[in-house]
Amino acid sequence: MQTLYLKRGKDESLRRFHPWIFSGAVHHIDGQPAEGDLVRVVTAEGEFIAIGHWQIGSIAVRVLTFADEPIDAGFWLRRLACALDVRVAMGIAGREDNTTFRLVHGEGDNLPGLVVDVYGRTAVVQAHSVGMHVCRHEIAAALQQLDGLQLDNIFYKSETTLPFKADLGQENGFLAGGDFDDVAIENGLRFHIDWLRGQKTGFFVDQRDNRALVEQYAHGRSVLNMFCYTGGFSVYAMRGGAEKVHSVDSSAKAIDLVNANVELNFPGDSRHEAFAEDAFKFLQQMEDDAYDLIILDPPAFAKHKDALRNALKGYTRLNLRAFEKIRPGGILFTFSCSQAVSKDQFRTAVFTAAALSGRRVRILHQLHQPADHPINIYHPEGEYLKGLVLYVE
Ligand code: SAH
């Protein structure tokens with residue numbers, strides 16, 4: 001393993017367990033590591049600090065450990081077992097009525113660059129760093145050995161999440177198994193997971209708790225689930241006793257998925273209808289007072305900091321449409337999953353929309369990502385999902 005020397009004074013954030021080393025902090029490396037190699041990180045004076053994955057780019061090292069320990073099969077097994085223990089403690093894993101959860105959430109589980117979502121007997125592994133890509137087979141082997149999880153299939157899906165320039169020739173495919181039984185259970189509801197072609201790892205696991213809250217509010221309501229994708233919110237609203245549920249997404253594939261998921265849980269139920277349409281167009285054309293529970297869960301409007309201003313305008317425009325149209329006494333669930341948009345900025349964008357609409361609005365709940373997407377306290381950048389539940393007079 002090659003040794004990376006930090007510039008003088010650049011070890012401070014690492015002593016506070018921040019898991020990234022920026023390229024500007026690097027003094028020199030003894031030798032020429034290849035992208036994805038492990039490096040041993042030492043201070044200017046040569047004192048051991050950490051071991052991590054080296055990569056070309058502004059984040060030069062993603063730290064795997066602050067202890068001087070081998071990164072071997074035992075290491076991966078210990079880290080994954082620890083992640084699973086926490087999910088069992090949360091009451092999310094080890095349940096028959098909930099086989100869908102995030103097992104590894106990158107920095108939040110002290111494994112920067114790695115995401116693992118579990119869907120029944122399948123784990124979908126996603127590498128966001130070259131180092132995790134290099135280690136994918138060791139990770140898959142450790143996943144199969146985990147006590148308390150019976151995984152038949154390990155699917156690797158990193159085609160779009162790895163740095164393009166690294167030119168790894170990566171492909172999506174099975175690292176173990178190969179079975180396409182794609183139905184997973186979330187809080188007793190069943191969902192087809194399209195890990196092969198779907199967005200992210202095939203499902204938005206991060207909305208589980210917020211969907212359960214929609215279920216609580218749904219009784220007797222007319223629900224509009226905007227940006228529905230797999231229809232998670234729609235299916236929960238139906239179980240909650242909604243009078244009607246309309247799902248909207250601009251992608252025809254998403255509309256097929258939502259219809260399939262509604263059919264899986266509520267066969268032949270005529271309360272549900274899905275529309276392949278643009279959200280802004282749909283909101284503009286729909287009648288006033290048609291809905292009294294609206295969910296807005298758009299894709300990230302700001303993927304980078306420089307897109308922030310436009311993103312905030314986008315959130316205001318979208319929420320304004322909903323405030324203008326929602327029935328008096330209606331409930332609005334509104335979300336942002338842009339990491340670049342802070343909780344306060346999002347709230348201000350929604351506040352602006354409320355003020356422009358002239359409606360009286362109360363905040364009932366402030367929502368965030370669930371416990372299986374933990375935030376490393378030394379890495380606040382890991383916080384991304386925020387939402388508000390609003391009562392509109
Ligand atoms: N609410 C979903 C996740 C939403 S992901 C869940 O709980 O799983 C965002 C979705 O918005 C994607 O499915 C994407 O196809 C859709 N989308 C993106 N732009 C859109 C637009 N302008 N109008 C409607 N849908 C859009």
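Trainee: Arg-208, is that buried or exposed?

Mentor: Arg-208 is buried, at a relative accessible area of 2%. Buried means under 20% relative accessible area, exposed means over 50%, and partly exposed is in between, using a 1.4 Å probe and protein chains only.

Trainee: What kind of model is this?

Mentor: This is a predicted model, in which local features need pLDDT of at least 70 and side-chain atom pairs count only at pLDDT 80 or more, while totals for chains, interfaces and linings use all residues. Residues are numbered from 1 along each chain as its sequence is written, and side-chain values use heavy atoms, with hydrogens and water left out.

Trainee: Back to Arg-208. Where is it?

Mentor: Arg-208 sits in helix H5. Helices (H or I, at least four residues) and strands (E, at least two) are DSSP runs, numbered from the N terminus.

Trainee: Which side chain does Arg-208 have a polar contact with?

Mentor: That of Asp-372, at 2.8 Å. A polar contact is a pair of N or O atoms within 3.5 Å; within protein, one must be able to donate a hydrogen and the other to accept it, and residues adjacent in sequence count only if both atoms are side-chain atoms.

Trainee: Now the ligand. Which residues come nearest?

Mentor: Of the 16 residues around the ligand, the nearest are Gln-199, Asp-249, Asp-278, Ala-279 and Asp-297. A residue counts as near if one of its heavy atoms lies within 4 Å.

Trainee: What does the side chain of Gln-199 do there?

Mentor: An N or O atom of the Gln-199 side chain is 3.0 Å from an oxygen atom of the ligand. Backbone atoms take part too: an N or O of Phe-227 lies 3.0 Å from a ligand nitrogen, and a polar backbone atom of Ser-250 is 3.1 Å from a ligand nitrogen.

Trainee: How much of the ligand does the protein bury?

Mentor: The ligand taken alone exposes 580 Å², and the protein buries 88% of that. Areas come from the Shrake-Rupley method with a 1.4 Å probe; for residues, only the protein chains shown count as cover.

Trainee: Change of topic. How many disulfides?

Mentor: The count is zero, where a disulfide is a pair of cysteine sulfur atoms within 2.5 Å. Cys-228 counts as buried, at 6% relative accessibility.

Trainee: And the largest nonpolar core, how many residues has it?

Mentor: It has 36 residues, and Tyr-119, Ile-295 and Phe-333 touch the most other members. A nonpolar core is a set of buried Ala, Val, Leu, Ile, Met, Phe, Trp, Tyr and Cys residues joined through side-chain atoms within 4.5 Å.

Trainee: Which element gives the most to this core?

Mentor: H6, with five residues. Helix H6 spans residues 232–239, and seven of its eight residues are buried, among them Phe-233, Val-235 and Met-238. Just after H6, Gly-241 takes a positive phi of about 95°.

Trainee: Which residue other than glycine has a positive phi?

Mentor: Asp-289 has one, near 65°, and Phe-17 has a positive phi of about 65°. Most residues other than glycine have a negative phi. Phe-17 is in the loop between helix H1 (12–15) and strand S2 (20–22), and Asp-289 is in the loop between helix H8 (279–285) and S17.

Trainee: How accessible is Asp-289?

Mentor: Asp-289 counts as partly exposed at 39% relative accessibility, and Phe-17 is partly exposed at 40%.
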